[in-house]
Structures are given as C-alpha cells and as structure tokens.
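Please look at the sequence and the structure before reading on.

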Amino acid sequence: MASEALDSFEESDDFQDSGSDYEATIKASKRKKRAVLGPKAVVDEWLDSYKRGREVGLLVLINFIVQSCGCKGVVNREMLDSMENAEIISTLTKEFNEDSVNYPLSTPGPQLKRFKAGLCEFAQVVVRSCRNSLIYDEYLFPSLLAMLTGLSDSQVRAFRHTSTLLAMKLMTGLVEVAVIVSVQLQTTQRRHDMENSKKPHDRASDRLEELQATITELREKREELSSMMNATFRGVFVHRYRDRLPEIRVACIEELGKWLKTDPEDFLNDGCLKYLGWTLHDKVENTLDELKNTLQSLLDEEEGALIELMMCAIRQAAQGTPPVGRTQGKKMLSMKDKKIQEQDKRRITTHFIPLMPQLLTKYSADAGKVSLLLKAPLYFNLDMYNSAQWLEKHLDLLLSQVCGIVEKHTEATVLEACTHLVCALCSDTYTFSSRAHLAFSQLVDGLTECFSAYSSDLLQGTADENDLYSASTALKRIAALSCAKDLTGWKLFDPCVELLKSRLESRELDKEAELKRLKKDVRSFCRVCQTCLPLNQTEIRDQAFELLCDLLLLYSKSSVRSDPALQALVHLPSDTLRSEMAAFLLDFIFTESEDADLDVEGEEEMKITLLQRKRNQLAGYCKLVLYGVLDLTAATDVFKHYNKFFKDFGDIIKETMSKSKLISHVQSAKTVCLSLQQLFSEMLTENHSRQDLCEIRDLGKRLAMSFGIDLHRVRKPLVALHMDGIRFAFRDPQEGEEQLPHVTFLEILSEFSFKLLQQDRAQLGFCPPGSVSSTVRDSWLESSSIHSNLHTPALTSTVQRQPAKPLASGKPTATECDMGNGFTELESEDEFSSGSQMRKVKPVKRRLPSSSLTGASLDQQDLNSHLTLLSLIEDNSAEREEAEIEDYESDSDRDSAYTLVHPGDTQVVENPIIDFRAIPDKRGGNM
C-alpha cells in the first residue's frame with residue numbers, strides 16, 4: 001500500500017485547520033492508523049464526510065488529487081464556488097514549483113511502485129464504494145471527471161500524467177459497473193417478458209409494474225454511465241493516447257485493453273480498435289510491449305472462442321447436432337436431408353484434412369485448444385484419406401502430430417482426446433488402419449522403453465524423483481493408449497505387478513490395527529462434522545452435512561455386507577446426530593429465507609446454485625433412509641414438505657416415496673400417515689386456522705396420488721394407513737385437553753379413503769377403538785369421501801389368504817375386535833423400523849430460542865411431543881390389543897427384496913439394494 005498517497009489524502013482532509021499540538025498529534029496518529037487499514041477505510045471515512053456535505057467532500061477529494069500531483073497549491077471553498085475548472089487549474093499552475101521536474105509518479109525507485117499502486121487502488125475503491133448510490137447523484141463523478149479532464153490537458157506534466165492515470169482507472173471502474181447494470185437489465189427484461197407472455201388471467205399486474213419500474217431505473221443508470229464514459233473517453237483518452245510522454249501513452253493503452261475484455265459489446269469495434277492500430281507506429285519499446293500484451297490477451301481469448309465455434313459448426317454439419325441451448329424436438333431426417341448432411345460432411349473433410357496438422361502444430365502446447373481440435377477428425381469422412389494420393393501425406397502428418405502431442409502432454413483431457421482419435425484411426429474399417437497401427441506401435445515402443453529403463457531402479461528403491469516422474473508419466477501415457485490399442489504384446493503386466501508387490505511388502509500393513517485406527521478416525525471425524533452443523537458459516541455447515549451423508553452411507557451395514565472383515569467399520573448415527581441432521585433439513589433446506597435475502601446482482605445464478613446445493617443435500621439424506629442408515633420414519637421430515645416445496649424438490653421426494661415402497665409397502669404408508677400426524681400436531685401447538693388444515697389436506701391429496709390406481713396392490717398399505725389415522729383421531733385426550741382434540745384429522749384422512757375397497761370401508765367403520773361409540777365413527781364414514789361408486793375389484797390369482805394367527809389368552813379374538821374381521825396387522829414397532837431398533841428423535845429448529853419452551857403448560861409439551869419421529873406410534877402392548885389384519889401377499893410384496901419378520905423370528909432382515917442414483921435432477925444430472 002502506498003502510504004504516501006494515503007497521507008496526502010489525510011492532509012487534504014484537514015488542510016484548513018492547523019490546530020494545536022495536541023490536535024496535530026491526534027491527526028498524525030489517525031493518519032498512521034488509516035494507512036495501516038488501507039484505502040477502503042480511508043474511502044469509507046471520506047464518504048461519511050461527503051454525505052454530511054457534498055461540497056466539502058468534493059473539495060477534500062480535489063485537493064487530494066492536487067497534492068498527489070506534487071503541487072503545494074490548495075483549492076478552497078471560494079475558488080470551487082466562484083471559479084471555473086480552467087481558472088482553478090491556471091491558479092494552481094502558477095503556484096506549482098516549476099524548478100523541479102520530479103513529482104510523485106516520476107520518483108525513481110520502489111517509492112514509485114508503491115505510490116502508483118496505492119493511487120490506482122484508491123481510484124478503484126472509490127468506484128466500488130459508490131457504484132450503488134453516489135455514482136448516480138449527478139454531482140460527484142461528473143464534477144470529479146470534469147476536473148480530471150481539465151488537468152489532463154494541462155501543460156504541466158505532473159498534472160497531465162497524474163490526472164490521466166486517475167481518469168483511466170476511474171473509467172475502468174465505470175466500465176465494470178456498466179457491465180453489471182447491463183446484466184441486471186437483461187435479467188429483469190427477461191423476467192418481464194416471461195410474465196407478460198402469460199395469459200391475461202395468470203399475469204400478476206403488480207409484478208409487471210414492479211419489473212417495468214426496475215427496467216426504467218436500470219436504463220436510466222445505464223444511460224448516465226454511458227454519458228460519463230463517453231465524456232472521459234473523448235475528453236481524456238482520445239487526446240492522451242498519443243501524448244508525448246510514453247508513460248501516459250502506456251497508461252491509456254493498458255486500460256483500453258481492459259475495456260475491450262470487460263465490455264466487448266461496447267468497445268470491441270472499429271471505433272476503439274483503430275487506436276490500437278495507430279499505436280503500432282509508436283517507437284518507444286515500453287508502449288509497444290504494452291500493446292503486444294493487450295493484443296496477445298485479446299487474440300488468445302478470441303482464438304479459444306473461435307475454435308469452440310468452429311467445433312460446434314463441424315459437429316452440427318456432420319451430425320446435425322445443434323449448439324448447446326438450441327436443442328429442439330426430435331426431428332426425423334428425410335432422405336434429402338441425409339443426402340445434404342453427407343455432402344456437408346464431405347466438404348468439411350476436404351477442407352480440414354490439409355489444415356488439421358497445421359492447427360495441431362500451432363496449438364500443440366495449449367491443452368485446452370488442442371483437446372478441442374483433436375475431436376475434429378472424429379466428424380470427418382475418414383475414407384477420404386485414401387480417395388486421393390495428395391491426401392495420404394496429410395494422414396502421415398496427422399499421425400505424427402498425435403504421437404507428438406501424447407509425448408508432450410500428461411493432462412487427462414488431452415490424453416483422452418488422443419485415445420479417441422487413435423481408436424478411430426486404427427479401426428479395421430479403414431484401409432489405412434495398418435499405417436495408423438504402425439505409427440502408434442512405435443509410440444508405445446518408445447514409452448515402454450522409457451518405463452523399462454527406470455523399473456529396475458524403482459524395484460530396488462534407488463530411483464530419484466526425476467526417475468520416478470519419468471517412469472510414472474510414461475506409464476500414464478501407456479495406460480491412456482491401452483483403451484484404444486491392445487498392449488498385450490508389450491508384456492507390461494509382470495513389471496507392473498512387481499512394482500505393486502514391492503510397494504505392498506514395504507508397507508507391512510497390519511490390517512487389524514489399520515481397521516481400528518480407521519474406525520476411530522471415522523467416529524472422530526463424524527463428531528467434528530456434527531459440531532459444524534449449527535454453525536453460521538454456510539460453506540462449512542454445508543460441507544459438514546454432505547460429508548456426514550457420504551460417510552454414514554459408506555460405513556453402513558449394507559456397504560460392508562459383502563466383506564465380513566469390514567463389519568467392525570460399521571458406524572451408525574447416534575440419536576443426537578440423527579436429531580441434528582433432521583434439524584438441518586428444517587433450518588437450511590426446507591426454507592425460503594436465504595432466497596429472499598439475495599441481491600439483484602447475479603440473483604438468478606445464485607438462486608440456481610443455492611437450489612442445486614439444497615437438492616444434493618436432500619438427496620444425500622434420502623439415501624440414508626433408503627439404505628437403512630436411518631429408520632424409515634425419518635422420512636417424515638421429508639414427506640411433509642412434499643406439497644410446499646414440490647417445485648424445487650418434488651421429483652426427489654416422489655422418488656424417495658417410490659423407493660420406500662420397495663422396502664415395505666405397509667411401512668411406507670404408515671410413514672406417510674405419520675407425516676400428516678406430525679403436521680397436524682404442529683398445527684395444534686400454534687394458533688391454527690382453517691387455512692392450515694386445508695394446507696395439510698392438500699398435502700394429503702398429493703400424497704394419496706402416489707398410491708396409484710391398482711386398488712388390490714395398495715389394499716393392505718391403505719388399510720394400515722387408515723387404522724393409524726383413525727387411532728390417532730380417536731385417541732384419548734391428555735390431561736387438560738378438550739374431548740377428542742384430534743378428531744379433525746379425519747378430514748385429512750378422507751383424502752385417502754376413496755381408494756379403499758368397499759369391504760375395507762365397512763370393516764374400518766364397524767366400531768371405533770376405546771370408548772367412542774360406533775355412531776361417531778359411522779357418521780364420519782358416511783360424511784367423508786370413503787364411499788364411492790367403484791365396484792369391488794375381484795381378487796387376482798396371486799393373492800394368497802393366510803389364516804389369522806391365534807391371539808394369546810386375555811386378548812379379544814378376531815371376531816370380537818372392533819378393527820379385526822379377518823385382517824392381520826403388523827404386530828410390533830420392530831416391523832415398522834425394518835428390523836432396526838427405533839429411537840425417539842426430536843428435530844427442533846435451531847432458530848427458535850430454547851427459552852420459548854417453558855414449563856408453564858404441560859399440555860403444550862405433550863403436544864410438542866408429536867414432533868418426535870416415533871411418539872405417534874403405539875407401543876407394543878397397544879399393538880397387540882388391536883385386531884390383526886388379514887395376511888395376504890400382493891405382487892409388489894412378493895417382488896420386493898425386503899423381508900419382514902415377526903419379533904422372535906430368527907430370520908435376518910436385509911435391506912434391498914436400491915440404485916438411488918436414478919433419481920432425476922431437473923437442474924441437470926442425477927442425485
């Protein structure tokens with residue numbers, strides 16, 4: 001940082017006040033502190049003073065520029081108010097010390113670099129700090145740029161040099177701001193057009209007015225920025241790019257190169273490029289060097305873009321593949337279209353066959369460009385290499401260039417591109433394939449010889465780093481070519497195996513000790529990740545959650561099932577970790593708070609990135625459920641957001657429900673019911689309204705659609721869901737609760753009832769459990785949507801009835817039970833947890849302060865207990881008192897790889913192997 005520039009700014013801030021010695025000491029200490037903090041702190045403090053009085057603030061800034069020029073003159077308030085810029089500059093010129101030719105920007109030695117860097121950074125910070133407000137106040141920047149324009153035309157070299165440098169840096173900052181505003185304008189205009197294209201009854205008039213007002217404001221800002229940029233370009237650059245001082249010419253050309261790259265839409269035209277052409281006649285070496293650097297950077301970027309454009313054109317002509325973003329519906333090519341496409345392919349081949357070796361030679365050192373160029377011959381009509389004798393020499397040149405590129409590069413993208421081309425050229429379908437085989441065989445010979453030369457030293461342990469690098473790069477190239485050519489004849493297997501054996505023997509691994517250490521490290525790392533989940537640092541928190549999802553899946557029982565030796569590595573999540581991960585869903589995935597806080601700048605890209613991150617995290621959590629790491633009931637924290645977040649996560653949640661049915665149709669249905677019960681219980685703890693109940697009913701309606709239309713297939717799950725729902729609705733009230741507090745839940749349950757078979761409806765409405773009379777139940781069934789005109793489908797031949805299991809003495813028989821009548825229900829919670837021990841976990845949102853849960857209301861605490869994953873499941877004794885549901889087997893039950901067992905059975909419950917990666921990702925890619 002250039003302390004001289006900052007000090008001069010501070011001196012200009014208090015130039016009118018000499019003060020006492022004490023004040024001078026205070027000011028000196030303040031200057032030292034600000035110099036340490038840097039230009040940002042200085043600019044912020046100056047902006048505060050400018051907002052208090054813009055004339056005084058502008059005066060401070062002008063005097064800072066004057067002192068940076070090395071002038072001892074001072075511009076006072078009277079001069080600023082009564083004199084034009086030319087008069088002020090004339091007065092300052094008279095006070096300038098003309099005896100000395102030195103000024104801060106011409107000071108030799110390291111001071112020059114420090115001062116120049118500080119002055120340039122100061123100009124950039126000023127623009128960045130003002131870009132959202134003060135840059136448009138029509139006073140600060142117009143006045144500042146007018147003063148710099150006048151100084152740049154001065155006969156005094158110090159004024160001209162310093163003001164030109166500052167004007168060019170400010171211009172660069174304005175160009176960057178203009179690009180940001182242009183992007184915002186395009187984004188807002190696109191939103192406006194999308195909203196306006198909707199049907200009249202779907203348009204949001206308020207939204208349209210808001211977008212139109214934003215468009216108008218952005219256009220005004222863009223016009224104001226363009227006005228300031230044009231004034232600076234014509235008032236400073238056009239005159240100073242040919243200044244007799246080389247340093248001034250260099251400053252102009254350097255910044256022009258930045259404008260061309262930052263905003264090519266406005267500057268990459270004849271009006272600006274002509275100044276680069278005129279500068280070619282400059283005889284000063286520094287100016288020509290800067291011009292060369294500017295042109296080189298432009299050419300590199302332009303060449304890369306041109307090569308990509310060329311490849312798109314070649315691919316489209318040869319295969320009919322449109323560029324990215326222009327893909328339309330599938331179109332069947334007619335015979336005429338195919339003939340035209342073949343003709344285009346032949347023309348492209350004829351044109352590029354002579355050019356391809358030259359292009360590869362030119363860009364052989366550039367990995368990015370050569371990777372693109374190597375794909376071009378794949379779209380050629382390669383048979384044409386033998387169509388004429390003059391084309392065969394170009395084949396030899398192409399083979400030579402490909403071999404040279406393999407020997408020069410080790411980047412995976414380049415070697416992969418070479419491999420694809422080698423595979424195509426060596427195909428037996430071409431008559432020239434023998435020549436290609438010969439060329440690449442010679443290449444493999446050289447690589448094998450290089451590897452063999454160092455293999456003995458590697459085996460003996462005497463190889464140095466250079467030997468190791470040479471052998472490894474040769475082997476890397478050989479491995480890439482092995483994908484396109486059979487390398488069996490080179491007998492590389494034995495030396496590679498010997499190297500592996502020597503490495504393993506030297507390590508002397510203790511497998512048991514390594515497993516113990518690994519298990520300890522895994523648990524320790526999981527604890528660290530768990531402590532990071534509540535952090536405010538978004539990046540750390542998200543990484544911790546994603547790592548936990550991957551680690552828990554990697555070290556789950558299903559992952560190590562194939563290798564019994566790895567059973568000791570199984571790591572199951574603790575209750576607290578399960579609770580933390582469930583809370584993470586509520587706090588950071590199923591929330592819209594982060595989206596609302598996004599700024600306008602780059603809003604669309606940030607929202608897409610944020611949504612993609614949330615989708616990945618949700619997919620990771622769902623995998624843990626489906627692979628048995630978490631209980632199936634943990635999916636309630638996902639299912640209950642299906643309706644509200646359907647647009648963003650609907651496909652993931654739907655696929656999770658579908659895969660959960662492969663584990664168990666019945667348990668999946670019970671989990672759906674549990675999700676609705678939790679939402680209903682949450683509603684009771686708040687000031688619930690009819691609207692809240694309607695939202696839960698809408699969710700129930702959407703969840704009911706996931707059961708399909710095959711009523712026999714979903715008969716058993718639906719009966720289990722209704723039994724859980726009815727039991728919840730008519731459960732006995734807790735102390736202090738009103739009578740039947742959950743009976744309204746029947747409205748939600750009715751969304752599933754139209755799928756029940758006729759006999760199941762009658763049996764479910766036979767009589768309620770407990771002390772509730774059958775009249776209450778029957779009245780609900782009559783008024784709900786359970787009854788429909790659908791006929792009872794006949795049972796298919798695949799349905800097998802099993803006799804009801806005898807109940808222990810003291811329990812009601814199947815005919816006496818209010819819910820029985822021939823059906824067998826799952827006997828215990830163990831079946832619900834798919835063989836794993838179920839634990840009560842309460843996902844609490846961290847944003848709620850702990851003080852909000854007081855001991856004043858025991859009833860509220862009891863209702864809050866419904867948020868737990870398992871509190872709504874009846875205990876084993878209650879389950880045994882219920883009638884059994886008739887056992888039968890559906891097609892899906894027989895096909896499922898998941899086996900349910902009753903408590904006490906010795907059969908092992910195994911999870912199905914589910915390919916969860918098949919879940920589609922509407923943003924691109926699978927989960």
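**Salt bridges and burial**

Glu655 counts as buried, at 19% relative accessibility (buried means under 20% relative accessible area, exposed over 50%, partly exposed in between, with a 1.4 Å probe and protein chains only). The model is predicted, so local features need pLDDT of at least 70 and side-chain atom pairs pLDDT 80 or more, while totals for chains, interfaces and linings use all residues. Residues are numbered from 1 along each chain as its sequence is written, and side-chain values use heavy atoms, without hydrogens and water.

- Glu655 and Lys659 form a salt bridge of 3.7 Å, N to O (a side-chain nitrogen of Lys or Arg within 4 Å of a carboxyl oxygen of Asp or Glu).
- Lys659 is also buried, at 16% relative accessibility.
- The two residues, Glu655 and Lys659, are 4 residues apart in helix 29, about one helical turn (helices are DSSP runs of H or I, at least four residues, and strands are runs of E, at least two, numbered from the N terminus).
- In helix 11 (residues 246-262), Glu255 and Lys258 lie 3 residues apart, and their side chains meet in a salt bridge of 3.5 Å, N to O.
- Glu255 is buried at 2%, whereas Lys258 is partly exposed at 29%.

**A pair between helices**

- Arg615 and Asp651 form a salt bridge, with the closest N and O atoms 2.9 Å apart.
- Arg615 lies in helix 27 and Asp651 in helix 29, so the pair ties together parts 36 residues apart in sequence.
- Arg615 is buried at 1% relative accessibility, and Asp651 is partly exposed at 22%.

**Whole structure**

- The whole structure holds 30 salt bridges.
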